[in-house]
Amino acid sequence: PNRKECKMRITLSRAASIIVLSAAVSSSSVGAADANPVPYPQGYRDWHHVKSMVINPGHGLYDAFGGIHHLYANKAAMGGYKTGKWADGAVIVFDLLEAKSADNAVVEGSRKVVGVMHRDARKYAATGGWGYEGFKGDSSTERAVGANALTACHQCHIAQKGAGFVFSKARP
């Protein structure tokens, strides 16, 4: 992503306190070059719900991230939200669904992507200790980021180095 896109994402994160996985809706797929694939977060909807938000048409990130966002964190990630120190095994999930409007209500549509940040300082040293992945739609195997995590995701997350590379904040 270019510098303008990164600044826009940083502004969004500060205003809305969401996690941004910049390539979650990319059309690329993972290849054999990804030696440390991020695992699909089985059962993540039973984890702690961090927050939700909606990006509507007209927002600068609507094309890539328009829809309903739910953020989930496993127990280790909740420890990171509380202390600012992210232990190996922390997993944050960015569940992005279409936003459908009907009868003066906004409801969830189809899932667009399940974005994942998985903490393992040794395995993902090149990306600040975080592995990034986006699983397309309802698939637990079809990947959108793969070996492109450094340029597709981490490049923007570098701006949050002081927060452990995490954009989101847990809602009080």
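Which strands do the buried residues of α3 pack against? They pack against β1, β2 and β3. The points below set out that packing and its surroundings.

1. Basis. This is a predicted model: local features need pLDDT of at least 70, side-chain atom pairs count only at pLDDT 80 or more, and totals for chains, interfaces and linings use all residues. Residues are numbered from 1 along each chain as its sequence is written, and side-chain values use heavy atoms, with hydrogens and water left out. Helices (H or I, at least four residues) and strands (E, at least two) are DSSP runs, numbered from the N terminus.

2. The sheet. Five strands make an open sheet, ordered β1-β2-β3-β4-β5, with antiparallel pairing. Two strands pair if DSSP finds at least two bridges between them. β1 (48-55) and β5 (130-136) are the edges; each has a single partner strand, so one side of each lacks a neighbour in the sheet. On average, neighbouring strands are turned by 25 degrees against each other, direction ignored. Axes are lines fitted to C-alpha atoms, for helices over the stretch in contact, and angles run from 0 to 180 degrees between N-to-C directions.

3. The β4/β5 pair. Strand β4 (residues 105-119) pairs with β5 in the antiparallel sense over seven bridges. Val-114 stands opposite Phe-135 in β5.

4. Helix α3 on the sheet. Helix α3 (residues 75-83) lies across β1, β2 (67-73) and β3 (91-102) and runs at about 95 degrees to β2. Its buried residues are Ala-77, Met-78, Gly-80 and Tyr-81. Buried means under 20% relative accessible area, exposed over 50%, partly exposed in between (1.4 Å probe, protein chains only). These residues cover an arc of only 155 degrees around the axis, which puts them on the same side of α3. The arc is that of the directions from the helix axis to the C-beta atoms. Exposed Lys-75, Lys-82 and Thr-83 sit on the face turned away from the buried side. Just after α3, Gly-84 has a positive phi of about 80 degrees.

5. His-118. This residue belongs to strand β4. His-118 is buried, at 18% relative accessible area. Leaving aside residues up to four places away in sequence, His-118 touches (heavy atoms within 4.5 Å) Val-38, Pro-39, Ala-90, Val-91, Tyr-124, Gly-129, Trp-130 and Gly-131.

6. Cysteines. The whole structure holds zero disulfides; the criterion is a pair of cysteine sulfur atoms within 2.5 Å. For Cys-153, the nearest cysteine sulfur is that of Cys-156, 8.7 Å away. Cys-153 is buried at 1% relative accessibility, and Cys-156 is buried at 3%.
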